[in-house]
Amino acid sequence: MSDEKASAPSIRARVRAEMIAEIKRVALVHLERDGSALSLRGVARDMKMVSSAIYRYFPSRDELLTALIIDAYTSLADAADAADGNVDRREAYLARWFSVGHTIRNWALAHPAEYALIYGSPIPGYKAPMDTVPPAARTLIALGRCIAEAEAAGKIREPEAPIAMPPTENAEYAAELRAAAEALGFVEGSQAIEPFLSAATHVYGAVNFEVFGRLNNAIDQRNEWFDRQLRQLAAMVGITPR
């Protein structure tokens, strides 16, 4: 009897977890099919639940969106971290850059609805809470880790003109760069943080162009195209082999 009582909370927790997972799955189908037009009532209808029941799991549409966003960021970041970790030679900075970059692209192509949720157009009426910030930063940290470690090891090559940029004279912008460097694990006084942020912006831009159909009727050899983007960006940051 005592064993049955002890197991009851775990059974309820498992059932609740399964319901939450199913609600998220159906919500992603809605997002993939209808874009940002997500409603709890619509999800409940597809699950053949009374609309009031779904509010026991997610009190509002925004809470469901936040859960989906955190899941998406976490899944992408886990894949990026694994990709970086799969390169055995930690000093193989260029190989790590390619590994993480291609993984971001592959994940986006395999999960277009989730990618659109976190990197597509803002959802009208939704303001992401601070809870989404740490998981959002993880993929950027994974992408920049090889750059940060290369700079710390003195392996960053100075970019050549006309790529080389003079130091900024904008004190507020310089402070923002220092804050970004600290947050992303770069050395104090990093000279690589600004080119890395530019490169990262281009990586996500390249992925967006592919996921959102901007390459249609223009580039069919997508693997080659993206690989060459990564190679050019690596040169801009300074991790190409001599």
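Let me start with a result: helices α5 and α6 are roughly perpendicular to each other. Roughly perpendicular means an angle of 65 to 115 degrees; under 35 is roughly parallel, over 145 roughly antiparallel, and the rest oblique. Helices are DSSP runs of H or I with at least four residues, strands are E runs with at least two, and both are numbered from the N terminus.

A word on the model. It is predicted, so local features need pLDDT of at least 70 and side-chain atom pairs count only at pLDDT 80 or more, while totals for chains, interfaces and linings use all residues. Residues are numbered from 1 along each chain as its sequence is written, and side-chain values use heavy atoms, leaving out hydrogens and water.

Back to α5, residues 93-110. Its axis and that of α6 are 5 Å apart, at an angle of about 110°. Axes are lines fitted to C-alpha atoms, for helices over the stretch in contact, and angles between N-to-C directions run from 0 to 180 degrees. Which residues meet? From α5, Trp107, Ala108, Leu109 and Ala110; from α6, Pro112, Glu114, Tyr115 and Ile118. That contact has seven nonpolar residues, no polar ones and one charged. Nonpolar means Ala, Val, Leu, Ile, Met, Phe, Trp, Tyr, Cys and Pro; charged means Asp, Glu, Lys and Arg; the others, Gly among them, are polar. Contact itself means heavy atoms within 4.5 Å.

Now α4, residues 61-85, against α6, residues 112-119. Their axes come within 9 Å and cross at roughly 110°. These two helices are therefore roughly perpendicular as well. On the α4 side we have Leu65, Leu68, Ile69, Ala72, Tyr73 and Leu76. They meet Glu114, Leu117, Ile118 and Tyr119 in α6. By class, that gives nine nonpolar, no polar and one charged.

Next, the aromatics. How many aromatic pairs does the whole structure hold? Five. Rings of Phe, Tyr and Trp (its six-membered ring) pair if their centres lie within 6.5 Å; planes under 30 degrees apart are stacked, over 60 edge-to-face, and the rest tilted. Tyr115 and Tyr119 make a tilted pair, 5.0 Å centre to centre, with 45° between the planes. They sit four residues apart in α6, so about one helical turn separates them. Is Tyr115 buried or exposed? Buried, at 0% relative accessibility. Buried means under 20% relative accessible area, exposed over 50%, partly exposed in between, using a 1.4 Å probe and protein chains only.

Tyr115 also pairs with Phe212: centres 6.2 Å apart, planes at 45°, so tilted. Phe212 lies in the loop between α9 (193-211) and α10 (222-237), so this pair ties together parts 97 residues apart in sequence. Phe212 is partly exposed, at 36%. Tyr73, Tyr115, Tyr119, Tyr204 and Phe212 form one aromatic cluster.

Two more residues. Glu210 is in helix α9. It is buried, with a relative accessible area of 9%. Not counting residues up to four places away in sequence, Glu210 touches Arg105, Leu109, Leu215 and Arg222.

Leu64 is in helix α4. It is buried too, at 0%. Leaving out residues up to four places away in sequence, Leu64 touches Ile23, Lys24, Ala27, Leu38, Leu40 and Phe58. Leu64 and Ile23 are 41 residues apart along the chain, yet their C-alpha atoms are separated by 8.7 Å.
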